[in-house]
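Here is a short briefing on a fold and its sheet. Look over the sequence and the model first.

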Amino acid sequence: MHELSLCQALIDQVTRIATDHGASRVDRILLKVGPLSGVEPSLLQHAYPLAATGTIAESAELVIEPAEIRVHCHTCGADTQATANRLLCGACGSFHTRLTSGDEMLLANLELIVPDQEDADR
Amino acid sequence: MCNTCGCNVTPGNEHLVRGDGKLATTADGRTAVTVLEGLLSENDHQAAHNRELLDVHQVLALNLMSSPGAGKTSLLEATIDRLGRDLRIAVIEGDLETENDAERIRAKGIQAVQIATGSACHLDAHMVHEALHRIDLHGIDILFIENVGNLVCPASFDLGQHRNVALLSVPEGDDKPAKYPVMFRSADMVLCTKSDLLPVLPEFQPNRAEHYLRDLASAAPFETVSTRGTDGLEPWIQWLRDELHSQRARLEQGRTTRPNIQQDSFRSEARGGPTHRHGHHHHHHSHDHD
């Protein structure tokens, strides 16, 4: 269960970016999480409110976009879909593959409410 | 690059993204920020510093991971018996509670720092950083970091180590790599431990365990070892000597390395296109992905 500590890291990161942009509130957080990241999206969703309470992101919607597992084959050059415990080339079966998608754990995008700065600028 | 982003704000373009600047807002008045930053970037940043600290002191650091009871501490005891006279070894022990494992290592005359994680199921780079300051790194060749016994969470956290070692003991069953792909994918070396039990557990087939490992597209060496008897550790001892040699050769060229899984997490950041570090983190480290 490291999803709570991940959420705390996420909140720190989001708070930092929101503050840099002079935001008053975070509206939406988009994560990209692959099956091989070691993170369970549903646990992340459950842990999020605990970590977000009392922060600038308290009322933010957390959207977790899944990523599919894909491998590139060094043997035949094919790019194919794979599963978490079978990362072989879907075309030729070689295990000389490189994961091209599926282990992401990214903070992809934020939507912030930034108060009108005009008054402050004058 | 990032027209809606704002993550590359400079004094020259700041007016564009402040207030009602062109780049700032979406139609409904919200500001969209593309980030593409790893969720563990704080941890990864600390881990990079740990790695620098280890490299400065010419230490090879290895992260040992397995389920509880796979024999990590026994492996370390036997390794110390075998190499303790030639090489200077130190150990960081991670457990939820007790100093028991550190005491076992200290009984061998080896520096050991125990991290009691409380309820945390893994070590992170910050915990290891604190422990590093309690070790005299000047006199050390190899630092073993014995992670909390757990096949799930430790795989996600870079500690600053150079290599990951995963243990799979014979009583656990040979399909562990298929059940815990994230962990076994992260390993630079997989040790099948307690091989002295193979005669009484014929259902465990080392070939099958290795096959499941290869299914993860892992080319990591898979070695069957036992801490009982005389020659049971030979492949592991040879691997350690080779790794130490490689580490020293890298350091002479001013390079370092990180384990399998961390390369992957960095690659996935790079995959997202140009990444922008926010805030005060603008440190650059040169890392060698070999």
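Helices (H or I, at least four residues) and strands (E, at least two) are DSSP runs, numbered from the N terminus. On that basis chain A reads α-β-α-β-β-β-β-β-α along the sequence. The radius of gyration of chain A is 19 Å, well over the 14 Å that the globule rule gives for 122 residues, so chain A is more spread out than a compact globule. That radius is taken over C-alpha atoms, and the globule rule is 2.2 Å times the number of residues to the power 0.38.

This is a predicted model: local features need pLDDT of at least 70, side-chain atom pairs count only at pLDDT 80 or more, and totals for chains, interfaces and linings use all residues. Residues are numbered from 1 along each chain as its sequence is written, chains are lettered from A and ligands numbered from 1 in the order in which they are written, and side-chain values use heavy atoms, with hydrogens and water left out.

**Chain A overall**
- Chain A holds three helices and six strands.
- Its C-alpha trace spans about 65 × 35 × 15 Å along the principal axes.
- Of its 122 residues, 49% count as buried (under 20% relative accessible area, 1.4 Å probe, protein chains only).
- Chain A exposes about 5500 Å², and carbon and sulfur atoms supply 51% of that area (Shrake-Rupley method, 1.4 Å probe).
- Among contacts (heavy atoms within 4.5 Å) in chain A between residues at least 6 apart in sequence, 69% join residues at least 24 apart.

- Four strands form an open, mixed sheet in the order 2(A)-1(A)-6(A)-1(B); two strands pair if DSSP finds at least two bridges between them.
- Strand 2 (61–66) of chain A and strand 1 (31–38) of chain B are the edges, each pairing on one side only.
- Neighbouring strands are turned by 20° against each other on average, direction ignored.

**Pairings of strand 1 of chain A**
- Strand 1 (residues 25–33) runs antiparallel to strand 6 (residues 105–113) of chain A, with eight bridges.
- In strand 6, A:E111 is the bridge partner of A:R28.
- Strand 1 runs parallel to strand 2 of chain A, with six bridges.
- A:I29 stands opposite A:L62 in strand 2 of chain A.

**Helices on the sheet**
- Helix 1 (residues 3–20) of chain A lies across strands 1, 2 and 6 of chain A and strand 1 of chain B, at about 45° to strand 6 of chain A.
- Helix 2 (residues 41–52) of chain A lies across strands 1 and 2 of chain A, at about 170° to strand 2.
- Axes are lines fitted to C-alpha atoms, for helices over the stretch in contact, and angles run from 0 to 180 degrees between N-to-C directions.

How values were computed: Buried means under 20% relative accessible area, exposed over 50%, partly exposed in between (1.4 Å probe, protein chains only).
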